[in-house]
Amino acid sequence: MNEFVKKKVSDEKIKNSKNKKALKEGYDFIGRDLTNANLIGANFAGALLIASNMQDTNLKGANLIGADLRDADIRRANLEDSMFLTQSQVNTARGNSRTKLPKSLSMPSYLEK
């Protein structure tokens with residue numbers, strides 16, 4: 001498993017673009033606050049992102065294969081160029097019309113506008 005996946009978010013809110021250095025070991029991000037985090041190119045393969053707050057995050061180029069996004073708040077997040085994101089992952093997350101998705105995916109109609 002990739003090193004980044006083995007990182008766990010510290011109790012502090014991630015505040016700057018150098019945030020990857022502030023992460024601790026593990027891949028359990030359940031309920032974590034990643035608001036405004038710049039996670040460009042992050043490897044979340046198999047990560048547990050259940051109910052995490054990912055509002056306003058930048059996930060361009062992030063690897064999301066097998067990531068569990070159930071109830072993850074992705075409102076206003078940039079997932080445009082993320083890798084291996086599936087429609088079923090998007091369907092289980094909480095996004096809105098300002099969530100940027102890859103062109104091949106769409107925001108479910110039942111989500112917040």
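Is S82 buried or exposed in this structure? S82 is buried, because its relative accessible area is 11%, and buried here means under 20%, exposed means over 50%, and partly exposed lies in between (1.4 Å probe, protein chains only). Before the close-ups, please note that this is a predicted model, in which local features need pLDDT of at least 70 and side-chain atom pairs count only at pLDDT 80 or more, while totals for chains, interfaces and linings use all residues. Residues are numbered from 1 along each chain as its sequence is written, and side-chain values use heavy atoms, with hydrogens and water left out.

**Figure 1. The protein chain as a whole.** Let us start with the overall picture. The protein chain has one helix and two strands, in the order β-β-α from the N terminus. These elements are DSSP runs numbered from the N terminus: helices are H or I with at least four residues, and strands are E with at least two. Of the 113 residues in the protein chain, 44% are buried.

**Figure 2. S82 and its surroundings.** S82 sits in the loop between β2 (23-25) and α1 (87-92). Its side chain reaches the backbone oxygen of L79 at 2.8 Å. That is a polar contact, a pair of N or O atoms within 3.5 Å; within protein, one must be able to donate a hydrogen and the other to accept it, and residues adjacent in sequence count only if both atoms are side-chain atoms. Beyond its neighbours within four places in sequence, S82 is in contact (heavy atoms within 4.5 Å) with L59, G61, A62, L64 and P102.

**Figure 3. Two rings meeting edge-to-face.** The structure holds one aromatic pair. The ring centres of F29 and F44 are 5.3 Å apart and the planes are at 80 degrees, so the pair is edge-to-face. Rings of Phe, Tyr and Trp (its six-membered ring) pair if their centres lie within 6.5 Å; planes under 30 degrees apart count as stacked, over 60 as edge-to-face and the rest as tilted. Both F29 and F44 are buried.

**Figure 4. The largest nonpolar core.** This core has 23 residues, and F44, L49, M54, L79 and L85 have the most contacts inside it. A nonpolar core is a set of buried Ala, Val, Leu, Ile, Met, Phe, Trp, Tyr and Cys residues joined through side-chain atoms within 4.5 Å. Leaving aside neighbours within four places in sequence, the contacts of L49 include F29, F44, M54 and L64.

**Figure 5. N63, a buried residue.** N63 lies in the loop between β2 and α1 and is buried, with a relative accessible area of 14%. A polar atom of the N63 side chain lies 3.0 Å from the backbone nitrogen of I65.

**Figure 6. G46 beside A67.** G46 is found in the loop between β2 and α1 and counts as partly exposed, at 29% relative accessibility. G46 and A67 are 21 residues apart in sequence, yet their C-alpha atoms are 4.5 Å apart in space. Setting aside residues up to four places away in sequence, G46 touches Y27, I65, G66 and A67.
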